[in-house]
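Hi there,

Here is the structure I promised to send over. Have a look at it first, and then read on for what turned up.

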Amino acid sequence: MTSTPLPASRPPTSPPTSPPTSSPVPSPVPSPVPSPAGPAVPVPFGRTVLVFVLTGLLATGHLYGVIPLFDTMSNDWGTSATTLTWLVSAFGFGYASGFLVFGPLSDRYGRRRVIVAGMAATALTTALVAASTGAGTAIALRFVEGATTAAFAPVAFAYIAERIEPRRRGVTMTSVTSAFFASAVIGQLAAKAVADLAGWRTVFLVGGAAFAVMAVVLARVMLPDTATGAVANPYAAVPALVRDPRLVLLYAATLVILGAFVAIYTALQLEGPAEIAGNPAALLALRATALPAFVAIPFVTPWLARIASGRRAGLALVVAAASAVVIAVTASGVVGLALLLAVFAFAIGIAAPSVIETVGGLAGRARGTAVSLFTFFLFVGASLGPQAASALAEHGFAVLVAAVAVALLAGAALILTASAIRAR
């Protein structure tokens, strides 16, 4: 008698993986392939936050760091300081444009690969500015420097959203965003200190060396890209993203966030209140009041994280608008103005990472592209801020601050509307 062979045993099937809780809304660009981040792997949290904060200070600090160098560069080249303001604008335009390139590229080729290559390239483009023979060459090189520097911000935000565990994600995002804001003060102070010791060209040589060091450190700290080529054409996500009314509202509100911040601090320089006009020490002190506010933000984030990110962003802009209204309608003196500006800076510093968190949750697998669009609009707003301050300067400081308050309330309304649509 022959025995009938037993059927081969089959391995147990795994239940389908449920979608991540951080993105409850379906992605506007569904994709059957995995994210380029690959499977979840424990992240060295402390080292990641420290390195991202230092890189953020360095990257965005180079946008502002050229400002205290205007007088020395003007003397070297026989060019007016007004012309040299294009050194800031050129970097800013390159910076904003680069966001649209590197975020989508990181969806295709991986977060670590794009950031490390970008920072290595920035080491070269920054050092090249030191070789400028005139304002025209320097302006062109500053545009290129800004474009390569843009490899960090949007890709870092996408990496945080994918790799950092949810309970620490808000603190990490807020810490990096606070570094971007704080760099407006720290970048200028550091550049001036180096220039006073060794000349303005040394600022860019030291900056280039610092970017090279950070490229090496980032390569060691960031997790490897475990899957590449997951998104065949990352730019294909853009039409779907801009058709999502929730994201359109959030991007429109994003223009206000950094635009309002830059407009207020530009207005202090152009048309400050009578008690600080002509007093450089008071102006510097008022600018420095933002630093303690930004330092405090990561420590309160765990408590604020209990509020949904969209609602948190909207309420933060309402607080910023309220502080602007008080500044506009009261003669608070230097001390009072310093306290109000600290509240204003704190609220702006809460709003920005909250919007990033909301955008990332809505974008799904197109997160890198969506965050790139966010950073693009953020720095377009920053470029419009000085123009708004200049246009309204003739009407006085109070009128300008009141206009900023109105813009912030409009931004808050857009964000809260987007959050309401999401909740349906």
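Let me start with a pair of helices: α14 passes α15 in a left-handed crossing. Helix α14 covers residues 309-329 and helix α15 covers residues 333-363, and their axes are 8 Å apart at an angle of about 160°. Angles over 145 degrees count as roughly antiparallel, and α14 and α15 are therefore roughly antiparallel to each other. Please keep in mind throughout that this is a predicted model.

Helix α5 (residues 111-129) and helix α7 (residues 153-163) have axes that come within 10 Å and cross at roughly 150°. That angle makes α5 roughly antiparallel to α7. Here as well the crossing is left-handed, with α5 passing α7. Which residues make the contact between α5 and α7? On the α5 side they are Arg111, Val114 and Ile115, and on the α7 side Val155, Ala156, Ala158, Tyr159 and Glu162.

Now the overall picture. The chain has 17 helices and zero strands. Of its 424 residues, 51% are buried. Looking at contacts between residues at least 6 apart in sequence, 86% join residues at least 24 apart.

Next, the aromatic rings. The count comes to 13 aromatic pairs. One of them is formed by Trp77 and Trp200, an edge-to-face pair with 5.2 Å from centre to centre and 75° between the planes. Why does this pair tie together parts that are 123 residues apart in sequence? Because Trp77 lies in helix α2 (residues 70-77), while Trp200 lies in helix α9 (residues 200-221). Trp77 and Trp200 are both buried.

Elsewhere, ring pairs link Phe52, Phe152, Phe157, Tyr159 and Phe180 into a cluster.

Ala59 is part of helix α1, which runs over residues 45-64. Is Ala59 buried or exposed? Its relative accessibility is 0%, so Ala59 counts as buried. Leaving aside residues up to four places away in sequence, Ala59 touches Phe91, Tyr95, Thr149 and Phe211. Ala59 and Ala179 are 120 residues apart in sequence, and their C-alpha atoms are 9.8 Å apart in space.

Val256 sits in helix α11 (residues 245-271). Buried means under 20% relative accessible area, and Val256 has 16% relative accessibility, so Val256 counts as buried. With residues up to four places away in sequence again left out, Val256 touches Ala407 and Leu408. How far apart are the C-alpha atoms of Val256 and Gly385? They are separated by 8.6 Å, although the two residues are 129 residues apart along the chain.

Best wishes

Technical notes. Residues numbered from 1 in each chain as written. Predicted model: local features only at pLDDT ≥ 70, side-chain atom pairs only at ≥ 80, totals over all residues. Heavy atoms only, no water. Phe/Tyr/Trp six-rings, centres within 6.5 Å; stacked < 30°, edge-to-face > 60°. Helix = DSSP H or I, 4+ residues; strand = E, 2+ residues; numbered from the N terminus. Buried < 20%, exposed > 50% of the residue type's maximum accessible area, 1.4 Å probe, protein only. Axes fitted to C-alpha atoms, helices over the stretch in contact; angles between N-to-C directions. Parallel < 35°, antiparallel > 145°, perpendicular 65-115°, else oblique. Left-handed = near helix turned anticlockwise from the far one by under 90°. Contact = heavy atoms within 4.5 Å.
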